[in-house]
Amino acid sequence: MPQHTLDYLDLLEAESIHIMREVAGQFERPALLFSGGKDSITLVQLALKAFKPGKIPFPLVHIDTGHNFPEALEYRDKIAEQYGAKLIVRKVEDTIKARGLKEPSGKFASRNALQSYTLLDTIEEFGFDACIGGARRDEEKARAKERIFSVRDEFGQWDPKKQRPELWNLYNGKIALGENVRVFPISNWVELDVWNYIKREGIELPSIYFTHEREVIVHNEHLVAMSDFIRVDEGDVIVKKNVRYRTVGDMTCTAAVESTASTIDDIIAEIHLTNISERGETRIDDQVSEAAMEDRKKNGYF
Amino acid sequence: MDLLRFITAGSVDDGKSTLIGRLLYDTDSIKVDQLETIQKQSKNKSEGEIDLALFTDGLRAEREQGITIDVAYKYFNTEKRKFIIADAPGHIQYTRNMVTGASNSDLIIILVDARLGVIEQTRRHTILASLLQLPHVVVTINKMDMVDFSQEVYDSIVAEYSKMAESLKIKDVKFIPISALNGDNIVNPSANMPWFKGETLLHLLENVNVAQDINYDESRFPVQYVIRPQSDDLHDYRGYAGKVLSGTYKKGDRVTVLPDGIESVVEAVEVHGLEVEEAFAPQSAVIRLKDDIDINRGDLIVKQSDIIKISQDVQATICWMDNRPLVKGNKYLLQVQSKRVRCVIKEINYKIDVNTLERHEDFDQVGLNDVVNVTIKTASPIAYDSYNTLRANGGAILIDETAHTTVAGCMLQ
């Protein structure tokens, strides 16, 4: 009699693969939102395993803010090529021009909110009925309450009061024309689960997740990378530090952490020891207000 | 390290939020910045003291409207286990939320206020736990500090609850006297209650055996997706992707594809593209069959079974989850695993009072949060199990055909 025991990573993986297959089974034109960050590369790995020996039956979509780390973009292109996946890139820059949107101003002006416009245009352009995203419920309290199949209206809006109850492992992806569903297969994973999975699967990552020397501005205890996208004021303290990124977002609103972690094991040890949450430490855009994420989601953010 | 999913039932007044906050706090699952946010919000608290209940605080939309939306999920882990908490509000109007949260939980923590003992709400939560067939029930008798840590109070509550649990045929019930506020018997044994010889809550959560709840005798595999690479080297490859709900599958197994009843033999079992000797619940896998037969999403691959049902007439106990009432004769979509089929509500047999389990055949209408027994007629046969016999293949949902919302959770019979 073989042993019927599964590790917690096996159990999480089995659930996520089940969700991936539900997407492929229930929708006509799904897409996987891929940024080159650790959560979305975990999704790619899960999708690969879900459909082996076939290829991933949907394209990878990147909404490029124009403020990305070059290392992440390079990695994005490499992964798409390596797995023979179709990659669709749409640029926020183009949406700003085409729609005459107003660029946010300020020191660390973030195009994060503008991303929603490009995403909705892309959904319309390709007729996507489901977009798979790498959001996790442990990240933020608005996400803690979102369903795995999250139905959005034609404006991409999330209405927390109209969520469908999600029972057992049954997902209801029925929608009307114009609506779409955001699907979050790693909802039940926490930050360390993702890292442990990346380690177990031997997944390659963009280099900025590991320690490197970088010029940063010290701002409200956050370290923000020097780049063409931020405004340097007189009196700014610019220093060279050994840093790494705990999350990969835009260069304008993602803070680096001081670190000498050069391997996945180092990173896991570091996260075990840290006493600050992932978003608290690295995301400048969440700190505008306590309900920043809730507001963005209601406006079509993923 | 494995995984436990549990639900906490109780209201804020029972100290449910404090209990969850305590579990998160004592397992170091709360980070400094999250603590600071909470401290800022902790009003009327003396210096240094934090309101653990605020860790489960919800959205601004909820605070502004004084409502609680649905189920929130919280996570923590110890060296032994990862835990997923479904945090569902416990008041009467939230039957829908409790049913949702309980549907994929292995265990339920029912909070009892030591000062109040077993009340209507306790009974309701226990009845719902029994309807949802939760394998493990833990009754935490909270606020023991407010009854002087009295063993007598504890013993009498245990006696009263046990009587009720027995009448509901609940198998695995455990009791723990706690103070969520002060941490008694949560992570560490309470010095205030030396008379209690049982395990602490965390110890119980870490050690309860959930693998034994899986049925390895009855094999169920719903086909979610057919993998057909159609590439040069895999020209004839046809793999059925799905999740093993229960049981095991290996090469050479004789199987039947339901509801059509076509028989075949397993050619190979693959997990993540690699051929394995055996796939077992709850793994996601791919099954290939010897015969070239027409199998689609929604089909169920099973091994020999005496209990599986194939029918167009289905009895079910359902929890109604929509604002518009359930009307006899209405048509819906019934989703059982990957199978979706049109159906009509032929008969509403009786309403179940979730406070007493009494059946009422006279009722005005079936509204949000009502639990009723119905007879459903499906447009084509479905293969399913009785929820009480094989929970993994007995749950279903009803979907509104035009609004597309999920309107009911069904426990098929």
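Me: How many residues of chain B are in contact with chain A?
Reply: This is a predicted model, in which local features need pLDDT of at least 70 and side-chain atom pairs count only at pLDDT 80 or more, while totals for chains, interfaces and linings use all residues. Residues are numbered from 1 along each chain as its sequence is written, and chains are lettered from A and ligands numbered from 1 in the order in which they are written. Two residues are in contact if their C-beta atoms, placed from the backbone, lie within 7 Å. On the side of chain A there are 46 residues, and they are in contact with residues of chain B numbering 53.

Me: Which strand gives the most to the side of chain B that touches chain A?
Reply: Strands (E, at least two residues) and helices (H or I, at least four) are DSSP runs, numbered from the N terminus. The strand that gives the most to this side of chain B spans residues 72-77 and supplies four residues; it is E2.

Me: How many nonpolar residues has the side of chain B that touches chain A?
Reply: Ala, Val, Leu, Ile, Met, Phe, Trp, Tyr, Cys and Pro count as nonpolar, Asp, Glu, Lys and Arg as charged, and the others, Gly among them, as polar. This side has 13 charged and 17 polar residues, and its nonpolar residues number 23.

Me: Is Ile141(B) buried or exposed?
Reply: Ile141(B) lies in strand E5 (residues 136-142) of chain B. A residue is buried if 20 or more other C-beta atoms lie within 10 Å of its own, exposed if 12 or fewer, and partly exposed in between, with C-beta atoms placed from the backbone. Because Ile141(B) has 24 C-beta neighbours inside 10 Å, it counts as buried.

Me: How far apart in space are Ile141(B) and Ala114(B), C-alpha to C-alpha?
Reply: Leaving aside neighbours within four places in sequence, the contacts of Ile141(B) include Ala114(B), Val112(B) and Phe175(B). Ile141(B) and Ala114(B) are 27 residues apart in sequence, and their C-alpha distance in space is 5.6 Å.

Me: Which helix gives the most to the side of domain 1 of chain A that touches domain 2 of chain A?
Reply: Domain bounds come from an automatic or database domain assignment, which in chain A gives domain 1 (8-194 + 291-298) and domain 2 (205-286). In domain 1 of chain A, 24 residues are in contact with 23 residues of domain 2 of chain A. The helix that gives the most to that side of domain 1, with three residues, is H3(A).
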